[in-house]
Amino acid sequence: MTQLTHFNQAGQAHMVDVGDKAVTQRTAITEGYIDMQPETLALIIGGGHKKGDVLGIARIAGIMASKKTADLIPLCHPLALTHVDIALSPNTELNHIRCQTTVKTQGQTGVEMEALTATACALLTIYDMCKAVDRGMVIHSLQVLAKAGGKSGTWQRT
């Protein structure tokens, strides 16, 4: 197992110096789910929610969150993202919505945190918009599916 990089030799938290790293294409893909009652999902799919387009607003919230990750996670580097794609897929058999996010940049550090933040915020937005009709929704399985770029190369969940 490699050492934790966010701690210096004295055990103090610090921002990792990425200045000597090569600039490469960085990509991360994440996913997460929100389970809900069938009636809540039908309301979202049918566009009948009085607050508007739940999935469209959640998508925008996730994109905005990805760009603010360094403001939320103390030791993340601010990054110039080149692409953010958020796919929200309702599943009426399992009564959930899957959020899959892809984030890309040309940079010296990865974008896993930006993709995870985007996914989490998109799902939280769905919860926020629908909590009046379904307080029992559950957000779960937030995870990195794949990452590419940098010295460590490509990694994919098996």
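Helix α4 has a set of buried residues, among them Glu114, Ala115, Leu116 and Thr117. The model is predicted.

**Helix α4**
- Helix α4 covers residues 112–130, which is 19 residues.
- From its first C-alpha to its last, α4 reaches 27 Å, close to the 27 Å expected at 1.5 Å a residue.
- Further along α4, the buried residues include Ala118, Thr119, Ala122 and Leu123.
- Thr125, Ile126, Met129 and Cys130 of α4 are also buried.

- Strands of a sheet pair through backbone hydrogen bonds.

**Pairing of β1 and β4**
- Strand β1 (residues 24–35) pairs with strand β4 (residues 138–148) in the antiparallel sense.
- Eight bridges link β1 and β4.
- Ile29 has Ala146 in β4 as its bridge partner.

**Pairing of β4 and β5**
- β4 also pairs with β5 in the antiparallel sense, over two bridges.
- Lys147 has Trp155 in β5 as its bridge partner.
- β4 and β5 form a hairpin, with six residues between them.
- Gly149 lies in the turn of this hairpin and has a positive phi of about 105 degrees.

Terms used
Residues are numbered from 1 along each chain as its sequence is written. This is a predicted model: local features need pLDDT of at least 70, side-chain atom pairs count only at pLDDT 80 or more; totals for chains, interfaces and linings use all residues. Side-chain values use heavy atoms; hydrogens and water are left out. Two strands pair if DSSP finds at least two bridges between them. Helices (H or I, at least four residues) and strands (E, at least two) are DSSP runs, numbered from the N terminus. The expected span of a helix is 1.5 Å times one less than its number of residues. Buried means under 20% relative accessible area, exposed over 50%, partly exposed in between (1.4 Å probe, protein chains only).
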